[in-house]
Every structure is written in structure tokens, then in C-alpha cells.
Amino acid sequence: MTTGRWLVRGSEAVLAHRHRTRRSGDLDGSAPSGGSAEPHHAVRPAGVLALQRSAGNAATVALLTRPGAYVGTGLVLQRKTPKAPPPEPTVVAGKQLQGVEAWADTEAKRQHVIDSAAVVGLDPKQAASVREAAAKLTAYAPTIRAAAGKVDPSIAALKSAVALAAKARSLTSGRHDRLDELEAQHARNESADAVGKAIGLVAALSPGIDTKILSANLTAAQKALAGSGSLSDATKTLNSSIDELQKVKDAALKRADSAVKVAIVLRGFLAVNDPAFAGAPTAAEIAQVKSGLAGGIGEEISDVFGSSVDYMFFVDFANAWGQQLDARASMTAASGRAAAPVPDRSDAQTYFSALAKKSNGDLFAAYTEFASAFFVHRGIATEADLRRTVDDLFTGKAAITGRRGLVCTGYAVMGAEVLGKAGAKLTGFSVGVHVDDDMVRSGRFDEQGHAIARMTRGGTAFSVSNDVIVPTANALVGKGAISWGDTSKLMIVGDGKTMDAAVDDLLAKIAARRRVLERRK
């Protein structure tokens, strides 16, 4: 035999069942009645009626208002926990982008590259996350602006409250009579009412604007005005709140603008990875963000997400995208034709040929702009990385940041070719490593190596070192040499007219060093 147990959840009443025990009784305290088990009920208003009919009015009221009185009877009151409000779109978008960052870091390790900027191939799921995040930010910006637009009435109400508080203060300053006191109290009440209006308006600023502290301060000022609190203190609080509201408005408008700019950069990222992407930024949108790209829009990302630390991949991409836009503009201006998003070998040759009459300073700056925009150091994985040809470098698939991955030897051979188109002459290549005896024996040099192209132009000697031009004949050794690798270790340098010859010379010298070490055993 069973008895019923009513479970009341919020506005719903549900009849659950349990087996009768000797200590259990009916709802009215009498012995349990026989009969078959009742079916479950899940009702709202009807559920309350069913509970009344089953348990009686008194028990129903007691259960709903004093559930503790029914401890041990099997009757329990279960209330639904209020659902938490959905997270802000910026929070959801932020988590999506952090997921992309984590994926890029994992891919960098899997692809054996030293920087996630050199990762090749954007996973479709990650692309979808970026696309959704961009859409959320774009759609959320109007919400933030709308919230900011509601600030002005709040400020107006507070300014009215300040004026009324000042009136009350003037009526009770110096000599005054009972009539002045009554009029002052009336002004205080009107001021408190104005603050109450402002509190209501401030509450309507959400979502998008956090006003908890502001509301608490205004509530304290309202109580002071309505009672006998200090008018001076209340006025200071009101004036401070007006200033704070203006800052809130300005910050909200800035946050909305930043959300739009971050969304534009995210869409730019998608366009770099998919030339057919339908949502590519327009020229007007690019102009809107271009000035901030050099800094990686770190400030805008902080405005939207509270920090830029967890979004460094996109900060770096924004900076790279800005460099690419600048480089493409320079290429278009020099060659007279639109530059491709990722230039090929022919594009590079055409561009640098157009710079043949430029000064060394202009040419070297153009090279740095071009190389840093469209190439990224990926790290040395094998000897084959040291021997990649120029054609191989330009035909390789671009990384997810729009740059082709290469190593220092790649910069050197690429730089030698394009600068040669502008009138520079190649003297040769140099490849060096800093090694200790264990490294020589194992043949593993990790990232202790570097390579340069040695060139001259107009009687000026210089070296191509990655994406920069070093104004010295040999940037690896001698006067003006750069610092690279672990300088406490032995440096071995190979030279040659071609990069292959320089690498061969280096490997031969390392082999000779290895033989010396073996003879010492």
C-alpha cells in the first residue's frame, strides 16, 4: 500500500509516492486509508486544487507557508532555484576565442613550429567559433549603445536633485523661520524623489552596464535627503554620481565601438584564411580599425573582454594584419596594380623592381615592411628547412595569420632575390651555429643557428638578417655583428656563394670538429 507525497515546485504541485511505514499516517493524522496507488500529477493551478481536495485547505496553506510543520510526514516543499541569467554575449564570445587560442597553441606543437602565428590550416570548427564570436560582438554593440543612451535622463534627474538640495540648504542657512524650514523640507523631499527617479533609470541601464555600486550610493543619498542627513554630504554624493554616470556612458560607448572593431578584425582573420569568405571587412570598416592595428588592438580587446592577456594570438594577428595592409598599399603605390592578400614570387619581383631607383634607406625599409608582413619564422625542424628554394618559399601555403613560414636561411635567399631586383649585388651567404661538444656529437643544434645574405648596393655593404637589414658586411662575425644564440658556446660558420654551399661548408666544419672530439676519447 502507498501514500502520496506532494512536491510543490514554485507554482507547480506534483504528487509523488512512497511506501507506507508504521509511522506514516494520512494527511489529517488518521490511519492510512486503503486503495490503489494514485497516479502522478503535475499541475499548476489545478495542482493546488488537487492538493486542497487531498490534504485539505489547512494542510495546503501550511505546506505552502510553513513547510517545517510537516517534517516527518512525507510532505515536502521543493522550490525551483531561479535560473541564472544568461551570460553576456561578450563572455560567450571571449570563451570561444580562448578556445581558438588553445587550439592554435596545440597545433604549433603538433606542427613543430615555434610560434602559433606559423600554424598552417585553420580547423573548420575553430573558424566557426571565430565567426560566431564576431557575430555576437557585432549584435551586442547596439545593446551597449542603447544602454549608454539611457544615461542622460539619469544625469538630468540627478542634476535636478542637486539643485533642489542646494535650495534646501540655502533656506536653512543663516537666519530662517519655520516657514523656511517647511519649504526646505519640501525641497529635500523633491530632491529625494528626483534621486528615486534616477535610481529607477539607472537600474534600466543593464544589460551592458554594471551599476551596482552607483545604485547603492544613490540609495544612501536618497535616504539622507528624505531624512535629516547632511545635505552637504548628499550633494557631494550626487555630484560624484553624475561624474560617474558620465564616465559610465563614455566607457559604454567606447566598449560598443571596441566590440565592433574587434569583430572587424575577427572577420579579417576569417577572410585571410578564406578568400571566398562572404563577410570580409569592407574598405570603410578596414579604415575604421587600421590606425589601431599597429598596437594589435589590445586596448579594444581589453575594453570588450576586460583583459588582452588571454587573447594574445588575436592581438598578434591584428598587428600582422595591419602590417599586411600597409605593405599591400606600398606595393600598389609602387607597381600601379592591386597587391594580392598573400603575394607570390612574381608579385614580389615586380614590386622590388619598381624600387630600383629608391635610396638604400627607402629600399631597406620596404624590405622590412614586406618581409615582416608576409613571412614568419617557423623554427628549424630538419636540414631540409635550411635548403628551401625561393620558389618553394613563395609557393608554400600561408599560415593562419596570412604569413608564410620559413627559417633564417629562407629570409636570406628570399631577401637576396628581391633586393637583387632593386639593384643590390649578392656577395654570398653565411650560416652559423653556436655549439658545445655534446651538440657537435649529437648533431642537434636546436635554435642555436642563424643565416644571412651578404650584399652590397651603391658601394654600401649590408646583410639580410631575417626581416631586417643590418648595415655591416657580415652580420654573423666581425665588426657590427649581431648577437644571436648562446654566445658562450663555440661558433662555427659556413660560407658559400649559394645557400646550399654555405650549409655544406657549415656541416663539413661540424663534421671536422666531431672527428677532433672523437680522437680525444
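Modeller: Let's begin with a polar contact, a pair of N or O atoms within 3.5 Å; within protein, one must be able to donate a hydrogen and the other to accept it, and residues adjacent in sequence count only if both atoms are side-chain atoms. Here the side chain of His377 reaches the backbone nitrogen of Cys408 at 3.5 Å. Bear in mind that this is a predicted model: local features need pLDDT of at least 70, side-chain atom pairs count only at pLDDT 80 or more, and totals for chains, interfaces and linings use all residues. Residues are numbered from 1 along each chain as its sequence is written, and side-chain values use heavy atoms, with hydrogens and water left out.

Biologist: Where does His377 sit, and is His377 buried or exposed?

Modeller: Buried means under 20% relative accessible area, exposed over 50%, and partly exposed in between (1.4 Å probe, protein chains only). His377 has 19%, so it counts as buried. You'll find His377 in strand 5, residues 375–377. Helices (H or I, at least four residues) and strands (E, at least two) are DSSP runs, numbered from the N terminus.

Biologist: What does Glu417 touch beyond its sequence neighbours?

Modeller: Contact means heavy atoms within 4.5 Å. Leaving out neighbours within four places in sequence, Glu417 contacts Arg345, Gln349 and Val390. Glu417 belongs to helix 16 (residues 408–421) and is buried at 18% relative accessible area. Ala348 is 69 residues from Glu417 in sequence, with 9.3 Å between their C-alpha atoms.

Biologist: Which residues of helix 7 are buried?

Modeller: Those are Leu214, Ser215, Leu218, Ala221 and Leu225. They cover an arc of only 125 degrees around the axis, so they lie on the same side of helix 7; the arc is that of the directions from the helix axis to the C-beta atoms. These buried residues pack against helix 5 (151–171), helix 6 (178–203) and helix 8 (231–273). On the other side of helix 7, Lys212, Ile213 and Lys223 are exposed.

Biologist: And what about backbone angles?

Modeller: Most residues other than glycine have a negative phi. His112 isn't a glycine, yet has a positive phi of about 60 degrees. His112 lies in the loop between helix 3 (89–110) and helix 4 (124–149) and is exposed at 58%.
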